[in-house]
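Colleague: I've got the picture open, and I'd like to go through some of the words you use for it. Could you show me what each one rests on?

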Amino acid sequence: MSDAEMMKLYSGRILALAADIPHLGRLPAPQATVRKRSPLCGSVVTVDLGMQDGRVSEFAQDVKACALGQAAAAIVGRAMLGLSLAQLQAGRDDLRAMLAGGPVPPAPFDGFAALEPARDFRNRHASILLAIEAATEAAESL
């Protein structure tokens, strides 16, 4: 990867997101816990989740990932509380589509626009998807 490509990929916005991840840590008594790992880079995200009346009521995440995975976790963390399973599934599917060249997901996941430069770097997609996939899988298990 050239220096210019690195600068494009690791923008100031991505680095700022990576430095400010909401809901870091673990829940004391989650209803569901899912750990996801990217085999290519070794990034790991563990999500603890609680739901009430079909909506996310509690959320925490332990993020050990590259800057792109951390930025994605920050976007997920800002959106989580109050979401339904259907909204999580749509967010996950919309992020996958965006990384494949589709449009930026609508709110509340429109923050993923910051990760558009990663479309061209398929080896980074798994890390970007960790947080939303873990959160969705946790909600699906309830």
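Modeller: Let's start with what counts as a helix here: a DSSP run of H or I with at least four residues, numbered from the N terminus. Serine 127 is found in one of these, helix α5. Bear in mind that this is a predicted model.

Colleague: Why is serine 127 called buried?

Modeller: Buried means under 20% relative accessible area. Serine 127 has 2%, so it is buried.

Colleague: And what does serine 127 touch, not counting residues up to four places away in sequence?

Modeller: Contact means heavy atoms within 4.5 Å. By that test serine 127 touches Ser38, Cys41, Ser43, Ala65, Cys66 and Gly69.

Colleague: Ser43 is on that list. Where does serine 43 lie?

Modeller: In the loop between β1 (32-37) and β2 (44-52). Serine 43 has a relative accessible area of 4%, and the cut-off is under 20%, so serine 43 is buried too. Leaving aside neighbours within four places in sequence, its contacts include Lys36, Lys64, Ser127 and Leu130.

Colleague: What makes the pairing of serine 43 with the backbone nitrogen of cysteine 66 a polar contact?

Modeller: The distance limit for N or O atoms is 3.5 Å, and one atom must be able to donate a hydrogen and the other to accept it. The backbone nitrogen of cysteine 66 lies 3.3 Å from a polar atom of the serine 43 side chain, so the pair is within the limit.

Colleague: Glutamate 133 has 17% relative accessibility. Why does glutamate 133 count as buried?

Modeller: The line is drawn at under 20%, so 17% puts glutamate 133 among the buried residues. Glutamate 133 lies in helix α5. Setting aside neighbours within four places in sequence, glutamate 133 is in contact with Lys36, Arg92 and Arg96.

Colleague: Now α4: how far does it reach, and what span is expected?

Modeller: Helix α4 covers residues 85-99, 15 residues in all. From first C-alpha to last it reaches 21 Å, close to the 21 Å expected at 1.5 Å a residue.

Colleague: Which residues of α4 are buried, and how do you know that they line one face?

Modeller: Leu88, Gly91, Arg92, Leu95, Met98 and Leu99 are the buried ones. Seen down the axis of α4, they fall within an arc of 130°, so they line one face of the helix. What covers them includes β3 (55-64) and α5 (125-140).

Colleague: What follows α4?

Modeller: Glycine 101, with a positive phi near 115°.

Terms used:
Residues numbered from 1 in each chain as written. Predicted model: local features only at pLDDT ≥ 70, side-chain atom pairs only at ≥ 80, totals over all residues. Heavy atoms only, no water. Helix = DSSP H or I, 4+ residues; strand = E, 2+ residues; numbered from the N terminus. Expected span 1.5 Å × (residues − 1). Buried < 20%, exposed > 50% of the residue type's maximum accessible area, 1.4 Å probe, protein only. Arc of directions from axis to C-beta.
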